[in-house]
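Let's take a walk through a protein model together, one piece at a time. Have a look at it first, and then read on.

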Amino acid sequence: WLVFTDLDGTLLEWSSYSPKIARPGLLRLRERGVPVVFCSSKTATEQRALRQELGIRAIPAIVENGAAIIVPESTGLPTAGWEPAPGEPGRRALALGLPVAEIQTRLDRVRARTGQALRGYRDISDADLAELTGLSVESAARARQRDFSETLVEVLDDETWAQLDAEFAREGLECRHGGRFHTVTGAGTDKGRAVRQVIELYESAYGRSVQSVGLGDSANDKPLLEAVDHAFLLALENGSWADLATDGLHRVGGRGPYGWVEVVDGLLDDGTDD
Ligand code: 2M8
Ligand code: MG
Ligand code: MG
């Protein structure tokens, strides 16, 4: 097995961002040698802090909503031609989207054309973000260290977001909805593309095909769930599910990490190790 998991509202509790509920399942997967790849809007820095908290090392990471993949050299996965990951010794990075400076320039043009403020992480402080999210100020600082995306904190209705999508597309940008906020990357970037790439890395390293499992809770997880063999959509805080029209999706009754545990227990009981 190869497991791809979203973080907020999936592996992590929605309001506290705590990995406590999922932790034992993560450890059991690790004992069984099942790679668990974090696939999230979170930055490399945020994901590194979480791995450290959980004592997890040497695993690929899909960061900034699929805009980059980071792979430790020690995994032995084939990353020839990838760049050294900035600030992460011993890791290689593959950028799939646009650099953040370019995204900001294009967002400025959308601002000018639409008159929308498109308030994002660049416009607020670590303390502001901590207040908006319940993250600690240190965690908020890690969320703001973005290389390939900008998160918009603007509250707008669905119709306005849909109108903006056309403007983003004109600029070669893409905006994905993560539950709380909206993350803008280069067009053609999403969690699914990054997941397919990581599956290929493992398949070429193993010399055979692998069974992939995906877990998520929000609209930005749709491409992730479509890229895997076994897709699990976890319930939201309010007990309902995000409205994703995806074939073959398993809707899990448990909310966030409670659903995550149900799915992982099922996999582990299945007795399959590959
Ligand atoms: C953003 O991600 C969440 C979902 O994971 C969202 O889009 O609602 C990202 O900026 C992420 O880096 C940050 O940790 C999170 C904080 O809630 O918001
Ligand atoms: Mg989520
Ligand atoms: Mg396959």
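Start where two parts of the chain meet: 21 residues of domain 1 are in contact with 17 residues of domain 2. Here, "in contact" means that the C-beta atoms of two residues, placed from the backbone, lie within 7 Å. On the side of domain 1 that touches domain 2, helix 2 (residues 44-54) gives the largest share, 3 residues. That side of domain 1 divides into 7 nonpolar, 8 polar and 6 charged residues. (Ala, Val, Leu, Ile, Met, Phe, Trp, Tyr, Cys and Pro count as nonpolar, Asp, Glu, Lys and Arg as charged, and the others, Gly among them, as polar.)

Before going further, a word on ground rules. This is a predicted model, in which local features need pLDDT of at least 70 and side-chain atom pairs count only at pLDDT 80 or more, while totals for chains, interfaces and linings use all residues. Residues are numbered from 1 along each chain as its sequence is written, and chains are lettered from A and ligands numbered from 1 in the order in which they are written.

So where are the two domains? Domain 1 covers 2-96 + 190-269 and domain 2 covers 100-186, with bounds that come from an automatic or database domain assignment. Their centres, taken over C-alpha atoms, are separated by 22 Å.

Now find ligand 1. Why does it lie between the domains? Because domain 1 and domain 2 both give residues to the shell around it. Of the 15 residues around ligand 1, Asp8, Ser41, Thr151, Gly178 and Arg180 come nearest; a residue counts as near if its C-beta atom, placed from the backbone, lies within 6 Å. By class, this shell has 3 nonpolar, 8 polar and 4 charged residues.

Next, look for an open sheet of 3 strands, in the order 7-9-8 with antiparallel pairing. (Strands are DSSP runs of E, at least two residues, and helices are runs of H or I, at least four, numbered from the N terminus; two strands pair if DSSP finds at least two bridges between them.) Strand 7 (150-152) and strand 8 (173-177) are the edge strands, each pairing on one side only. Strand 8 and strand 9 (residues 182-186) pair over 5 bridges, and Cys175 stands opposite Val184 in strand 9.

Finally, helix 6 packs on the sheet, touching strand 8 and strand 9. Just after helix 6, Gly172 takes a positive phi of about 70°.

Note on methods
Axes are lines fitted to C-alpha atoms, for helices over the stretch in contact, and angles run from 0 to 180 degrees between N-to-C directions.
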